[in-house]
There are 2 protein chains.
Amino acid sequence: MSLSKAPGSAITIHDIAAEAGVSKSTVSLVLKKSPLIKPETAAKVWKAAEKLGYVYNRMAANLRQKSSNVVGVIVNDLTNPFFVELLIGIERVLLQSGYITLMAHTAESAQVQEKVIASFREQNAAGILMCPAFGTSVETIDRLREMHLPFVIMVRQLGDLNYDYVGAANVDGTRMATEHLLRLGHTRIGFIGRSQNSLVGLQRQSGYEEALKQAGISLNPAWVVDSPVSMQGGQDGAKILLDMENGPTAVVCYNDLVAMGVLNELDYRGLRAGKDMAVIGFDDIATAKHTNPPLTTLAINPEQQGEIASRMLLNQLRDHPATHNHYFSQPKLMVRESSGGMLTR
Amino acid sequence: MSLSKAPGSAITIHDIAAEAGVSKSTVSLVLKKSPLIKPETAAKVWKAAEKLGYVYNRMAANLRQKSSNVVGVIVNDLTNPFFVELLIGIERVLLQSGYITLMAHTAESAQVQEKVIASFREQNAAGILMCPAFGTSVETIDRLREMHLPFVIMVRQLGDLNYDYVGAANVDGTRMATEHLLRLGHTRIGFIGRSQNSLVGLQRQSGYEEALKQAGISLNPAWVVDSPVSMQGGQDGAKILLDMENGPTAVVCYNDLVAMGVLNELDYRGLRAGKDMAVIGFDDIATAKHTNPPLTTLAINPEQQGEIASRMLLNQLRDHPATHNHYFSQPKLMVRESSGGMLTR
DNA sequence: TAATATTTTTGGAACGTTCCAAATAATGAT
DNA sequence: ATCATTATTTGGAACGTTCCAAAAATATTA
């Protein structure tokens with residue numbers, strides 16, 4: 001297979017046109033699978049393109065036709081499997097809609113996030129799906145809107161919900177968790193997680209508080225531990241509660257990672273979650289059913305959330321007007337051994 | 001802030017030029033921070049750009065100047081935290097080198113991978129970092145080379161190693177693991193993991209076999225279980241070994257996920273890893289030190305691998321000639337409780 | 001001050017596509 | 001065969017940048 005062009009220069013539609021004996025416009029139409037052109041002509045063009053090893057230059061196309069086919073996904077913390085699962089749902093929908101999914105990871109840095117947004121904008125992305133980094137200001141969202149860049153916010157809501165949003169009913173989740181523990185007879189129930197400055201944290205904490213209040217149990221502030229969202233954070237939080245005398249007999253955790261840290265600390269002390277202390281997580285990440293012991297948690301179906309968010313964005317991309325759709329995944333309690341309420345495997 | 005342009009049309013360097021009273025070429029130079037232009041002129045231009053709310057159009061720029069500043073990262077399995085950690089290392093280096101990291105996830109589909117490569121090529125990516133999907137053919141690599149697209153392959157090697165590659169010394173790893181178990185007195189040692197069709201699997205299995213041979217212990221084929229690379233796979237594999245009478249007393253696992261499945265099955269049976277059976281994983285993902293019990297495993301530093309791979313790519317991007325650099329991360333045995341050899345926490 | 005060297009700025013031609021209005025070819029009706 | 005329709009194809013002008021060679025402004029020297 002010998003190339004007649006200089007090695008550096010790329011094959012363009014002009015080359016194909018010459019090879020196939022048609023005009024560049026015809027080639028362009030063929031590549032777009034336009035119904036206008038005659039099948040035989042199309043076949044000729046495709047053969048020529050194949051022969052020359054043509055690569056479509058989307059940069060050039062995008063330059064002319066305003067909007068591109070890439071969707072930017074901005075994720076704040078890939079080390080939390082929850083977000084990976086979210087991503088997978090997103091990717092599935094976008095891929096089969098013909099969009100290219102570009103992912104960027106901010107690692108909770110609002111600064112990196114700014115760069116990434118700018119970059120997506122420069123790349124002329126069709127739209128953005130974003131899980132805001134910690135400390136994202138409301139202005140960031142206002143700015144997105146001013147850019148006329150279609151977007152959907154996920155997981156963390158910022159300011160008024162005057163944009164498309166997909167998240168979970170956090171308050172309901174921890175309320176359900178707490179009620180479950182109450183039903184099992186626990187009255188001394190703690191909470192470990194991030195609440196400072198984090199809306200999701202506050203929501204999850206308030207569901208816990210509501211359930212206690214509803215049951216007529218007064219909140220013991222010492223049993224509410226503010227910890228980083230990580231296994232290590234959960235472990236450190238658990239140490240605090242376990243070192244207390246007359247501490248809680250059950251604990252609701254901010255999420256599964258934190259709960260896994262708690263399980264770890266219990267194990268280290270020779271204690272067993274579900275027997276010596278009830279532990280409930282949040283998210284139901286894939287690992288949750290494989291922890292020792294398996295973790296009772298609230299399923300909020302991240303993959304599905306990703307799919308829904310993508311579809312919201314696709315809607316925006318079709319009929320321009322910005323909408324204000326919201327979806328809150330309703331948590332489902334997955335009872336496993338760690339809460340002590342498991343009956344069958 | 002009132003815009004004088006029509007809402008649809010974007011601000012271009014021409015608009016800035018008009019506003020600042022210079023030529024578009026000058027604006028272009030200013031935006032590139034060229035030392036040629038006079039500081040005062042530059043200031044004027046920046047102010048005008050700011051005032052008009054200019055957004056750099058990288059598509060247009062890329063069209064003219066061949067190569068872009070995006071690097072594509074192709075990952076085969078984000079559900080395995082190993083790859084997420086790899087990604088984080090990559091991202092760190094590329095970000096601070098001024099490149100934009102676009103990530104794509106193939107979910108082990110060679111078909112999706114083809115699409116993604118084509119897409120990165122269309123996007124005119126500067127280079128590609130790829131963890132090949134399962135079943136990737138050698139031709140895929142040949143084609144990458146023919147495209148003159150700089151690339152680095154990670155984790156899985158395909159065909160001859162005539163390209164930049166970053167991975168781990170897999171054989172050494174499982175040999176070390178097996179030798180560790182032998183030193184602890186085990187003689188009945190099994191292996192759970194993927195070996196069929198997977199080079200990494202074969203490598204890891206052969207390290208295990210070598211160590212046994214070295215110790216004069218004959219291999220029991222029934223103790224080598226081929227299972228999917230997942231917690232579920234590990235759990236199913238463990239069932240097989242545990243249901244045997246006179247089965248192995250120790251098991252080397254393909255990776256940490258598989259090992260976690262084994263830990264899970266042991267726990268379910270009321271057995272304890274490190275006491276009733278020794279378990280060793282591979283990768284040392286972040287979770288490994290937080291499993292119950294904590295997992296003995298081989299650290300191969302995915303973040304560092306990501307950094308090294310990125311630097312190899314950056315090298316290629318600087319001085320054109322394609323190189324054949326290889327880096328094999330030397331595994332480090334992290335002794336924790338699951339192998340029974342832990343002395344201190 | 002004129003001539004020269006140096007710094008700074010500039011217009012026009014690319015880059016590879018899509019869009020459009022208009023040209024051409026094919027078909028059908030008379 | 002002629003004309004009206006309809007189905008295909010086409011050249012040229014965009015899109016917003018960078019590159020280049022050359023112009024203009026400024027500084028330096030004799």
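Which polar backbone atom is 2.9 Å from a phosphate oxygen of DNA strand C? That atom belongs to B:Ser23.

## Ground rules

This is a predicted model, where local features need pLDDT of at least 70, side-chain atom pairs count only at pLDDT 80 or more, and totals for chains, interfaces and linings use all residues. Residues are numbered from 1 along each chain as its sequence is written, chains are lettered from A and ligands numbered from 1 in the order in which they are written, and side-chain values use heavy atoms, with hydrogens and water left out.

## Domains of chain A

Chain A splits into domain 1 (13-56), domain 2 (70-168 + 302-329) and domain 3 (170-299); the bounds come from an automatic or database domain assignment. Between the C-alpha centres of domain 1 and domain 2 of chain A there are 37 Å.

## Around DNA strand C

Some 28 residues surround DNA strand C, and the closest are A:Ser28, A:Tyr54, B:Thr26, B:Thr41 and B:Arg64 (near means that a heavy atom of the residue lies within 4 Å of the strand). By class, the nearby surface has 11 nonpolar, 10 polar and seven charged residues (nonpolar is Ala, Val, Leu, Ile, Met, Phe, Trp, Tyr, Cys and Pro; charged is Asp, Glu, Lys and Arg; the others, Gly among them, are polar).

Helices are DSSP runs of H or I with at least four residues, and strands are E runs of at least two, both numbered from the N terminus. Chain A brings helix 1 (13-20), helix 2 (24-31) and helix 4 (58-64) to this surface, and chain B brings helix 2 (24-31) and helix 4 (58-64), each with at least two residues.

Now for individual atom pairs. A:Tyr56 has a polar side-chain atom 2.9 Å from a phosphate oxygen of DNA strand C, while B:Lys24 puts a polar side-chain atom 2.6 Å from a base oxygen.

## Where the chains meet

Contact here means heavy atoms within 4.5 Å, and it links 51 residues of chain B with 52 residues of chain A. The two chains bury about 4,600 Å² between them, 57% of it on carbon and sulfur atoms (accessible area, 1.4 Å probe, lost on being put together and summed over both).

Two salt bridges cross this interface (a side-chain nitrogen of Lys or Arg within 4 Å of a carboxyl oxygen of Asp or Glu). One of them pairs A:Arg272 with B:Asp267, with the closest N and O atoms 2.6 Å apart. On the side of chain B that touches chain A, you'll find 25 nonpolar, 16 polar and 10 charged residues.

Notes: Polar contact = N/O pair within 3.5 Å; in protein donor to acceptor, adjacent residues only side chain to side chain.
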